[in-house]
Structure formats: C-alpha cells, structure tokens
Amino acid sequence: MSETAMELIDVKKNIGNKNIINGLSFSIHKGEVFGFIGPNGAGKTTTIRMMVGLMKITSGDVRILGQSVKSDFKDAISEVGAIVENPEMYPFMTGWQNLKHYARMMPGVTKERISEIVQLVGLEKPINDKVGKYSLGMRQRLGIAQALLHKPSVLILDEPTNGLDPAGIREIRQYIRKLAEQEHVAVIISSHLLSEIEQMCDRIGLIKNGEMIATQDVGAATKQTTSSEVIIEAEPANDAMEILKNEFNLSVSSSGNTLTIQTQRDAIPSIVQTFVQHDIQLFQISMTSSTLEDKFFELIGENTIE
C-alpha cells in the first residue's frame, strides 16, 4: 500500500443550522490521481476549501502526511500545492518572472528547481514570453508549475481543464499523469468532465449532499455490475431464441436474425458455448459498455447534471 498523503477524518461543516458536509472520511495515497466528483451543490468546493485551510472545519480533521490542518496548519499546508480556481498570474511578466516571484514566498526554492518544474510541465520554449500571450492551456500549466515549486506531497486542482479545447484538455491530462508518476505527488482533481476523470484518475470519490457515497478504483467503477443490453446476430434465429429463453431464462426481442437481451457480461461465454453445441451460427455479439457517467447516474439516482 502506498503512503497516505492526505486523510479526511469525519470532516463536517455547518453553516448556521445547515449541515453542508456530513462526516467525510477518505484518504489519498502518494502517486495516485484521485477524482472528486458529484452533482452541483454536493459539497466538492467546500471540502476542497477546508482541505487547504480557506474554510474552517466545524469538526473532524484533515491530515496531510500525518500533520493536522486544524492544529498544525503551517506544517500541514506546506505539503500542499493547489489551484482552487483559475491560476492568477501577472500578464505583463514572463512565465519565468512569475515563477521567480512566487518562489520568493517559499523557502528553499532554487533556480534549478524552477528549471526542473518548467521542463516537467513542458513550458521550456514559452517560459521567457509574457504570460499575457499564453494560451489558456499554457496558463494552466504555469499555474501547476507554480503550485509545485516547493515540492508538495499533495496537489489539489479544482476544474483544471475548465475552458480548455480538446488539445488543451489532453495536454493537462498527460501532465497530471506525469506528475503522479514522476514526482510521486498525490493529485486530487475536482471536475464535471467525467470522461476526463475516467481517463485521468486511478480512483474516484463520489459526493452527494455532503456525504461520500462511494470511493472506487476507476476500473471497478466502470466494470459491468448490472444487466446490460446485448445484441446477438444468429441463425437460425428461432432456435437461438428458444435457447436463450429455455436454457438461460432470458427475455428476448427479435428483428430478423438480430436478437436483443438483457444479461450480465459474465453470462456471454456460456451463451456462445451453448450456441456452438447446438450448431447455431453466430455472426455477431455486442454489448453496451459501461462508462463512469453511467456509474455516476446510477449512484446518485439522477438523470441529469445541472
């Protein structure tokens, strides 16, 4: 098991008489990318603000490498880099000047470290250009570079691909994976782009109404766990239909030689084997694949995102 970088322990947030966050408990490990997802108003941003000390925790605790954000704030937060909203840089300064400016605020950041981070995020060529000329994707990468200057153990990114075109989204995705693997940073990403979370993250945590309702490996979250639609093209279709009904107790709809059933993924090999044993000619078999979006709606019990 990888070392725990950040741990939330029964974290609660009340505003007046309203419970915003209701006892969140989960951990993130070094070198993993953790996707923090949920519908609007679920409490993602509130939780992130408590993680980085921008909002007071009502009860519970956030620990970063074992240090408490509540009682050892300075030591704990020194291990965190974050972009909670859009990265703010000085447009009249170059990328290098911006990083040098921020480096002065943190002890021990050398010129060599700045060069190392510039290379890591792929900004070697434009680093001496004024930031006002940067694309949105370049500014996002510069923001990530700034957040990494002091070698944090945890990097928190709130909507890191917001407003980016497909090429920019792909760039940020690649750099985030690179950070986790090469810098061994625990990366926490809050995003509405579920397809990106699916490609970028190792694990996901799903929050709804201030409560964590699921934490799963991305592979496990998208694995077929419920019945899915399976389309079979077979001949003779009537014989195939009888086998599906009598031997597998399945309801079948048909159109010519195309049969449609609802079944588990694990049942498909047995169906194919039985068809072969009965000399049924099988031309095609396909099924809908589950996505993180499917799992998201299944878990939150809603059909739309606001």
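I count a residue as buried when its relative accessible area is under 20%, as exposed when over 50%, and as partly exposed in between, with a 1.4 Å probe and protein chains only. The model is predicted, so I note that local features need pLDDT of at least 70 and side-chain atom pairs pLDDT 80 or more, while totals for chains, interfaces and linings use all residues. Residues are numbered from 1 along each chain as its sequence is written, and side-chain values use heavy atoms, with hydrogens and water left out.

**Helix α4**

I looked up α4 (residues 111–120) and found R113, I114, I117, V118 and L120 buried; helices here are DSSP runs of H or I with at least four residues, numbered from the N terminus. These residues lie on the same side of α4, because they cover an arc of only 160 degrees around the axis, taken from the directions from the helix axis to the C-beta atoms. On the other side of α4, I found K111, E112 and Q119 exposed. The buried residues of α4 pack against α3 (95–103), α5 and α6, where contact means heavy atoms within 4.5 Å. After α4 comes G122, with a positive phi near 70 degrees.

**Helices α5 and α6**

I then looked up α5 (residues 136–148) and α6 (residues 166–183), whose axes come within 10 Å and cross at roughly 20 degrees. That angle makes α5 roughly parallel to α6, a term for angles under 35 degrees. I noted the crossing of α5 and α6 as right-handed. The contact is made by G137, Q140, R141, I144 and L148 of α5, together with E171, I172, Y175 and L179 of α6.

Key: Axes fitted to C-alpha atoms, helices over the stretch in contact; angles between N-to-C directions. Helix = DSSP H or I, 4+ residues; strand = E, 2+ residues; numbered from the N terminus. Parallel < 35°, antiparallel > 145°, perpendicular 65-115°, else oblique. Left-handed = near helix turned anticlockwise from the far one by under 90°.
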